[in-house]
Amino acid sequence: MSEDYTLAKCQMLAEKASSESELPFECRRYPEVVKAANIQRTPTKSAYEGMQGGLAAQANKERGRESQAQIQRRLTNSRRFTKQN
């Protein structure tokens, strides 16, 4: 049960393919289809691109500021080893 791959059908597949290797073997005989499949796609955005916490933490680190958690650890653990019974 072989499927007929026409130029139009192969062009439709090439739009969705990200490389030549994803095309069926029958579609690789059309040079314009292979060329369309090899066009570089735009890279996807980073999953963390919209998050602001990382940028703020990096800026504070460059300025030498401590985060709230670091301040709390520093203040609550300061007498751990110097406490007298």
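Modeller: A disulfide is counted here where two cysteine sulfur atoms lie within 2.5 Å, and please keep in mind that the model is predicted.

Biologist: By this rule, what does the count of disulfides come to?
Modeller: The sulfur atoms of Cys-10 and Cys-27 are 2.1 Å apart, and the cut-off is 2.5 Å, so this pair forms a disulfide. By this rule the count comes to 1 disulfide.

Biologist: Which parts of the chain does the pair link?
Modeller: Cys-10 and Cys-27 are 17 residues apart, and the pair links distant parts of the chain. Cys-10 belongs to helix H1, residues 7-16, while Cys-27 lies in the loop between H1 and helix H2 (31-37). The parts linked are therefore helix H1 and the loop between H1 and H2.

Biologist: Is the disulfide of Cys-10 and Cys-27 left-handed or right-handed?
Modeller: The handedness follows from the torsion about the S-S bond, which is about -75° for Cys-10 and Cys-27. Because of this torsion, the disulfide is left-handed.

Biologist: Which elements give two or more residues to the largest nonpolar core?
Modeller: The largest nonpolar core has 9 residues in all, including Cys-10, Ala-14, Val-33 and Ala-37. Both Cys-10 and Cys-27 are buried, and Cys-27 is also one of the core residues. The elements giving two or more residues to this core are H1 and H2.

Biologist: Which residue lies over the face of Tyr-5?
Modeller: The structure holds 0 aromatic pairs, but the ring of Tyr-5 has a charge over its face, at 5.4 Å from the ring centre. The residue placed there is Lys-9.

Methods:
Residues are numbered from 1 along each chain as its sequence is written. This is a predicted model: local features need pLDDT of at least 70, side-chain atom pairs count only at pLDDT 80 or more; totals for chains, interfaces and linings use all residues. Side-chain values use heavy atoms; hydrogens and water are left out. Helices (H or I, at least four residues) and strands (E, at least two) are DSSP runs, numbered from the N terminus. Buried means under 20% relative accessible area, exposed over 50%, partly exposed in between (1.4 Å probe, protein chains only). Rings of Phe, Tyr and Trp (its six-membered ring) pair if their centres lie within 6.5 Å; planes under 30 degrees apart count as stacked, over 60 as edge-to-face and the rest as tilted. A charge sits over a ring if NZ of Lys or CZ of Arg is within 6 Å of the ring centre and within 35 degrees of the ring normal. A nonpolar core is a set of buried Ala, Val, Leu, Ile, Met, Phe, Trp, Tyr and Cys residues joined through side-chain atoms within 4.5 Å.
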